[in-house]
Amino acid sequence: MEHRRQVLSPAGAPKPLGPYSRGIRFARFVFCSGTTGVDPGTGKLVPGGVPAETRQALTNLSGTLQAGGASFASVVKTTVFLVDIGQFAAMNAVYAEFFPEDPPARSTIQVGALPGGASVEIEAIAVIGD
């Protein structure tokens with residue numbers, strides 16, 4: 001069986017800030033690039049700090065997952081990058097809304113800075129089917 005690499009470019013998604021794809025589907029895997037809380041309509045970070053940015057980042061991530069035939073239910077691993085680990089609880093509260101049951105494996109890492117002045121960035125890997 002031949003597997004082809006499919007570039008995912010969901011309609012209405014914010015433009016990438018560099019030379020990378022929003023996501024890649026390969027066989028049953030969907031790899032989503034790190035996504036920040038940029039409003040696709042304005043191209044700017046949503047106001048409201050970590051909670052609002054987390055919600056928008058996950059909303060943006062949802063579009064990439066859907067473009068690859070996946071959903072939050074098929075996510076097996078996420079990585080969350082926070083500029084301030086002191087905002088862990090604020091991010092977690094919103095994150096839990098998107099993964100209410102059986103959440104995926106996750107790493108959360110404090111970083112020095114994120115592109116575009118973002119406070120949070122989230123990437124994901126999903127597997128489609130059993």
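Mentor: The protein chain has two helices and six strands. Both are DSSP runs numbered from the N terminus: helices are H or I with at least four residues, strands are E with at least two. Along the sequence the pattern reads β-β-β-α-β-α-β-β. This is a predicted model: local features need pLDDT of at least 70, side-chain atom pairs count only at pLDDT 80 or more, and totals for chains, interfaces and linings use all residues. Residues are numbered from 1 along each chain as its sequence is written, and side-chain values use heavy atoms, with hydrogens and water left out.

Now the pocket. The volume of the largest pocket is about 260 Å³. A pocket here is an open set of points on a 1 Å grid over the protein atoms alone, where a 1.4 Å probe fits, with protein on both sides within 12 Å along at least five of seven lines; lining residues have an atom within 4 Å of a point. Grid points are joined across faces, edges and corners, and the volume is the space filled by probe spheres set on the points. The largest pocket is lined by 17 residues; closest to its centre are Pro 14, Lys 15, Leu 17, Thr 36 and Val 38. By class, the lining holds seven nonpolar, six polar and four charged residues. Nonpolar covers Ala, Val, Leu, Ile, Met, Phe, Trp, Tyr, Cys and Pro; charged covers Asp, Glu, Lys and Arg; the others, Gly among them, are polar.

Next, the whole chain. Its radius of gyration is 14 Å, which agrees with the value near 14 Å for a compact globule of 130 residues. That radius is taken over C-alpha atoms, and the globule rule is 2.2 Å times the number of residues to the power 0.38. The C-alpha trace spans about 45 × 30 × 25 Å along its principal axes. The chain exposes about 7,000 Å², and carbon and sulfur atoms supply 55% of it. Accessible areas come from the Shrake-Rupley method with a 1.4 Å probe; for residues, only the protein chains shown count as cover. Of the 130 residues, 38% are buried. Buried means under 20% relative accessible area, exposed over 50%, and partly exposed in between (1.4 Å probe, protein chains only). Among contacts with a separation of 6 or more, 66% join residues 24 or more positions apart. A contact means heavy atoms within 4.5 Å.

Start the residues with strand S4, residues 75-82. Thr 78 sits in it. Thr 78 counts as buried because its relative accessibility is 1%. Beyond four places in sequence, Thr 78 contacts Tyr 95, Phe 99, Pro 104, Ala 105, Arg 106, Ser 107, Ile 122, Glu 123 and Ala 124.

Helix H1 comes next. Pro 51 lies in helix H1. Pro 51 is partly exposed, at 31% relative accessible area. Leaving out residues up to four places away, Pro 51 touches Ala 90 and Val 94. From Pro 51 to Asp 102 the C-alpha separation is 21 Å, across 51 residues of sequence. Ala 67 is also placed in helix H1, residues 49-67. Its relative accessibility is 34%, so Ala 67 counts as partly exposed. Apart from neighbours within four places, Ala 67 is in contact with Gln 6, Leu 8 and Pro 10. Ala 67 and Gln 87 are 20 residues apart along the chain, and their C-alpha atoms are separated by 30 Å.

Then the loops. Val 46 is in the loop between S3 and H1. With 13% relative accessibility, Val 46 counts as buried. Val 46 touches Gly 37, Asp 39, Ala 52, Glu 53 and Gln 56, not counting residues up to four places away. Val 46 and Ala 118 are 72 residues apart in sequence, yet 9.4 Å apart C-alpha to C-alpha.

The loop between strand S2 (23-26) and strand S3 (29-35) holds Ala 27. Ala 27 has a positive phi of about 55 degrees, although it is not a glycine. Ala 27 is partly exposed at 24% relative accessibility.

One more loop joins helix H2 (88-98) and strand S5 (105-110), and Asp 102 is found there. Asp 102, a residue other than glycine, has a positive phi near 45 degrees. It is exposed, with a relative accessible area of 74%. Glu 101 is in the loop between H2 and S5 too. Glu 101 counts as exposed at 66% relative accessibility.
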